[in-house]
Amino acid sequence: MKPVKYSVKQTTKIDLGTKIIYKYPTPTKLFDVAHMVLNGRHPKRENSYILEHGCMFAMYITKGEGTVYAGDQTFSVSVDDVVIVPTNNKFAVEGKKEYVTFDLPAYYPEQSEEILL
């Protein structure tokens, strides 16, 4: 594989209402990268969470502040914080913030489900 550069113009924009995802193309299925813009809570319902079955991810907060619910933990986050969410842990995010995620291996929709508690 050769080095490659991608610009924001090459991202796929996914609008989930309170969260907008700018998913960068990647030349491998070993990982992927996305820029998230959050204004509220995702998933929207207070008792709902996302459960990733096929990947773990790290989120790096680039702007703003808020809360990350991961597994049984609650983290207050702000600029330059990193939260790592291992595979098969529920998570939700809330606040007004931007962050970058690095998924290992690359994210695909079939590995993820929304759960209610």
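User: Which residue in S7 is the bridge partner of methionine 59?

Analyst: That's valine 83. Before we go on: this is a predicted model, where local features need pLDDT of at least 70 and side-chain atom pairs count only at pLDDT 80 or more, while totals for chains, interfaces and linings use all residues. Numbering runs from 1 along each chain as its sequence is written, and side-chain values use heavy atoms, leaving out hydrogens and water.

User: What makes S5 and S7 a pair?

Analyst: Strands here are DSSP runs of E, at least two residues long and numbered from the N terminus. Two of them pair if DSSP finds at least two bridges between them. S5 and S7 (residues 82-85) have 4 bridges and run antiparallel, so they pass.

User: Which other strands are joined to S5 by bridges?

Analyst: S5 (residues 56-70) has 14 bridges to S8 (residues 90-104), antiparallel, and phenylalanine 57 is partnered there by aspartate 103. S6 (residues 73-78) is also antiparallel to S5, with 6 bridges, and glutamine 73 in S6 partners alanine 70. In the S5 and S6 hairpin there are 2 residues between the strands, and glycine 71 takes a positive phi near 60°.

User: What makes a set of residues a nonpolar core?

Analyst: The members must be buried Ala, Val, Leu, Ile, Met, Phe, Trp, Tyr or Cys, joined through side-chain atoms within 4.5 Å. Buried means under 20% relative accessible area, exposed means over 50%, and partly exposed is in between (1.4 Å probe, protein chains only). The largest core here has 16 residues, and Met59, Val68, Val83, Val85, Val93 and Tyr99 touch the most other members. S3, S5, S7 and S8 each supply at least two residues, with S5 giving the most at 5.

User: Which residues is valine 68 in contact with, leaving aside its neighbours within four places in sequence?

Analyst: Contact means heavy atoms within 4.5 Å. By that test valine 68 touches Met59, Gln73, Thr74, Phe75, Val77, Val83, Ala92, Val93 and Lys97.

User: Why is aspartate 80 called exposed?

Analyst: Its relative accessibility is 52%, and the cut-off for exposed is over 50%, so the label holds. Aspartate 80 sits in the loop between S6 and S7, and its phi is near 80°, positive in a residue other than glycine.

User: How many nonpolar, polar and charged residues are in the lining of the largest pocket?

Analyst: The lining has 13 nonpolar, 3 polar and 5 charged residues. Here Ala, Val, Leu, Ile, Met, Phe, Trp, Tyr, Cys and Pro count as nonpolar, Asp, Glu, Lys and Arg as charged, and the others, Gly among them, as polar.
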